[in-house]
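Keep the structure open while you read.

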Amino acid sequence: MDEKKILALYDFASKQNFIYRTSKIREISGASAMLAEAFKKFPAVLEADADCNVVMKYDLSDTFTLDKFNNGAADAEVLYDGGGSLMVLYKSREKYVEANRAVSKNLLLNYPTLSLIACGVEYTGDFKADRERLYAENARRKNCYPASDIPAVTPVTQVDPSTFMPVVKKVTVPYEQSLSADRAAKQKCFIPSENDKLESLEGLTAVIYIDGNSMGQKLKKCESEFYEDGVARLRSFSKNVHELFVTAPLDAISKATGDTGYRQVIGGGDEITIICQAEKAWDLVCKYFETLGSKDLEITDMEGKVVSQGPCYSCAGIAVFHSKTPFNIVYEIAEAACESAKEKSRTDNGNYVDFYYCHAGITDDFKSLRKAQQVHATARPYKFEEAKATFERLAPVLRKAERSNVKALGSAAQESYERYMFEVKRVNAYLPADSEKFSGTEEEMRTIYDMSEFYDLWFAKEG
């Protein structure tokens with residue numbers, strides 16, 4: 001019987017494309033909600049399908065043992081749900097294939113354009129070796145996935161202008177729209193918040209993208225030859241990562257802001273995307289990192305003993321933009337800013353942050369924009385703790401220098417170091433005698449340039 005067991009892994013292809021296919025916040029949030037709930041519904045989907053005779057156990061709080069699984073009534077048991085994938089152990093290949101039929105049919109009906117990647121390997125009893133073969137098979141199938149979507153319209157079909165797919169539904173709320181199947185499903189899953197004010201934001205808004213560091217290395221600490229111990233470690237890892245990287249920081253942010261002025265667009269595993277009022281962006285990032293650093297990430301084995309413990313590190317990217325700019329375009333800037341921070345963190349592990357001000361229309365990718373406009377003057381990305389301390393020290397000096405001089409210093413820094421030195425001497429002459437002066441170093445120049453760009457949003461007012 002052991003030889004016939006199948007260890008399976010479920011994953012979704014092109015998740016980012018699915019979420020950000022349109023620029024509508026309600027559809028992006030709805031798509032994120034669809035992904036978050038899809039795996040959890042597998043047992044109910046199998047039970048509801050009249051042609052399927054597979055019982056799946058999904059109880060991550062119950063300790064997994066092979067004896068209970070072999071002698072239990074369930075045909076399959078969820079071992080791990082995290083990182084965007086679901087790991088399931090089936091009693092036979094027949095049950096694995098039967099379950100895949102039911103799940104695939106449900107996805108076609110209720111999750112249009114969301115593509116499932118399923119793979120399975122024969123159980124050997126060595127959890128570490130089985131996982132390695134399983135992830136290798138998953139990578140192979142992902143690489144074979146089509147690089148582009150197949151057109152799904154005919155010459156007489158009405159086409160959704162956002163997705164270029166057939167229109168299946170017309171709505172009048174919040175305004176008149178002709179929707180493709182995937183957009184209609186995403187809007188249906190959107191959960192409005194009574195407290196946020198983001199549906200009618202005007203002026204400047206910010207997207208914050210945060211992603212954990214070195215999670216693959218931490219996940220390796222979950223390796224074990226034995227199924228019971230390996231599953232216990234994976235479940236411990238998934239639960240603690242979500243608590244430390246998502247739940248606790250968002251709870252702290254909600255308490256600090258009164259749960260207004262921001263919306264969580266995506267939040268799962270070690271990744272968060274938030275849209276907020278531009279003025280609140282830096283404070284939200286500060287609260288996130290302060291909360292993240294308060295506890296260590298622990299992984300426990302099947303006996304509850306801590307087998308790995310270490311600090312939590314993340315990187316954040318902030319993109320400030322005018323509220324009428326398409327969200328999906330700004331998200332790419334925020335994600336690229338986060339990646340810029342990650343590149344810095346790889347040489348010196350820690351919490352890093354990068355930020356970008358989209359002053360006008362976005363006409364190029366993040367790296368090209370940074371190289372053309374700022375690379376000679378900016379100090380970004382920053383190590384968060386160093387940036388916070390430096391900003392708090394220099395902000396009072398900038399406020400005493402007043403806005404016109406702050407902007408003059410920023411403009412001079414972008415022009416050249418010599419021009420900045422000239423402005424420093426002029427501004428220092430106007431500062432009160434007992435006030436801290438600008439030092440005129442090149443390192444300070446880069447920081448002042450960054451602060452001057454965001455001065456009106458983050459630093460002009462004390463606190």
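The model is predicted. We start at helix α14, whose buried residues pack against α13 (384-401), α15 (417-430), α16 (442-453) and α17 (455-459).

**Helix α14**

- Helix α14 covers residues 403-415, which is 13 residues. At 1.5 Å a residue it should span 18 Å. Its end C-alpha atoms are 19 Å apart, which agrees.
- The buried residues of α14 are Asn405, Val406, Leu409, Gly410, Ala412 and Ala413.
- Seen down the axis of α14, these buried residues fall within an arc of 165°, so they line one face of the helix.
- An α-helix has 3.6 residues a turn, so residues three or four places apart point the same way.
- Ser404 and Glu415 are exposed, on the face of α14 turned away from its buried side.

**The five-stranded sheet**

- Five strands form an open sheet with mixed pairing, in the order β2-β3-β4-β1-β5.
- The edges are β2 (56-57) and β5 (115-122). Each has a single partner strand, so one side of each is left without a neighbour in the sheet.
- Strands β3 (residues 76-82) and β4 (residues 85-90) run antiparallel and are joined by six bridges. Tyrosine 80 has methionine 87 of β4 as its bridge partner.
- Helix α9 (residues 227-257) packs on this sheet and touches β1 (6-13), β3 and β4. The direction of α9 makes about 40° with that of β3.

**The six-stranded sheet**

- A sheet of six strands is also open, with mixed pairing and the order β9-β10-β8-β13-β14-β15.
- Its edge strands, β9 (262-268) and β15 (382-383), each pair on one side only.
- Nine bridges link β8 (residues 204-212) to β13 (residues 314-322), and the two run antiparallel. Glycine 212 has serine 314 of β13 as its bridge partner.
- Helix α11 (residues 327-345) lies across β8, β9, β10 (271-277), β13 and β14 (352-357). Helix α11 runs at about 145° to β13.

**Cysteines**

- How many disulfides does the model have? With a cut-off of 2.5 Å between cysteine sulfur atoms, the count is zero.
- For cysteine 222, the closest cysteine sulfur is in cysteine 312, 13 Å away and too far for a bond. Cysteine 222 is buried, with a relative accessible area of 0%.
- Cysteine 276 is in no disulfide, and its nearest cysteine sulfur, that of cysteine 286, is 12 Å away. Cysteine 276 is buried, with a relative accessible area of 0%.

Terms used. Residues numbered from 1 in each chain as written. Predicted model: local features only at pLDDT ≥ 70, side-chain atom pairs only at ≥ 80, totals over all residues. Heavy atoms only, no water. Helix = DSSP H or I, 4+ residues; strand = E, 2+ residues; numbered from the N terminus. Expected span 1.5 Å × (residues − 1). Buried < 20%, exposed > 50% of the residue type's maximum accessible area, 1.4 Å probe, protein only. Arc of directions from axis to C-beta. Contact = heavy atoms within 4.5 Å. Pairing = 2+ DSSP bridges. Axes fitted to C-alpha atoms, helices over the stretch in contact; angles between N-to-C directions.
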